[in-house]
Amino acid sequence: MKRSKADIVREYGPFPEVESVAGVSYDGKQVWFASGNRLNTLDPESGKVVRALDIAGHAGTAFDGQHLFQIAEKRIHKIDPATGRVLSSIPAPGGGGDSGLAWAEGTLWVGQHRERKIHQIDPETGAILRTIESNRFVTGVTWVDDELWHGTWEGDESDLRRIDAQTGEVLEQIELPQGVFVSGLESDGRDLFFCGGGGSGKVRAVRRPGKATRA
């Protein structure tokens, strides 16, 4: 297994009226992050929140190329990002104990925090298609280049892990500094991970190992 120390290339925030960062997603241009009662749009170049939708966002956030998906308590809402309107809703597999959220292969991937699991679910019905076991509390979940990554946060330790999507075996581990925690996770599809910072109210950009980071 590969191990490395996290290379944090930029910190965003804290932001006004944001006490904690939960789910994080990326639409190809802007970072979306949930902060309890709002879904915020962050410009990663300027570092400013340029828009906020009044939508409940208690955990993971995902983007399928057209719509946002947001965990709100025991439900996962499908949202029109232009208007903030909830288009449909499905039950979350963890019944309120859900964490990260990602879109890949036409399905949603949902972290179940304290149960240390990641579920692949049908985005139309919420039906669980398969389940991957982890050995740490699961926070954010993301896919990049056919690789499944998830964040962990247990006790005073947090890291990012690349795992085998079939077996759950840990293939790579990126350790965050002491006192730095990951609540949400999303890849920009290239060389960066955007990580929610929980109660710090920050979003951090972490270099993906082996990738040259843009200035």
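The side chains of K5 and E175 meet in a salt bridge, with N and O 2.9 Å apart, where a salt bridge is a side-chain nitrogen of Lys or Arg within 4 Å of a carboxyl oxygen of Asp or Glu. This pair links distant parts of the chain, since K5 belongs to strand β1 (residues 2-5) and E175 to strand β18 (residues 170-175), 170 residues apart; strands are DSSP runs (E, at least two residues) numbered from the N terminus.

The model is predicted, so local features need pLDDT of at least 70 and side-chain atom pairs count only at pLDDT 80 or more, while totals for chains, interfaces and linings use all residues. Residues are numbered from 1 along each chain as its sequence is written, and side-chain values use heavy atoms, with hydrogens and water left out.

A search of the whole structure finds 13 salt bridges. Another of them joins D7 and R207 at 3.1 Å, N to O; because D7 lies in the loop between β1 and β2 (8-12) and R207 in strand β21 (residues 203-207), the pair ties together parts that are 200 residues apart in sequence. R208 forms a salt bridge with E147, the closest N and O atoms being 3.6 Å apart.

The table gives relative accessible areas, with buried meaning under 20%, exposed over 50%, and partly exposed in between (1.4 Å probe, protein chains only).

| Residue | Relative accessible area and class |
|---|---|
| K5 | 65%, exposed |
| E175 | 24%, partly exposed |
| D7 | 33%, partly exposed |
| R207 | 27%, partly exposed |
| R208 | 4%, buried |
| E147 | 23%, partly exposed |

Conventions
Helices (H or I, at least four residues) and strands (E, at least two) are DSSP runs, numbered from the N terminus.
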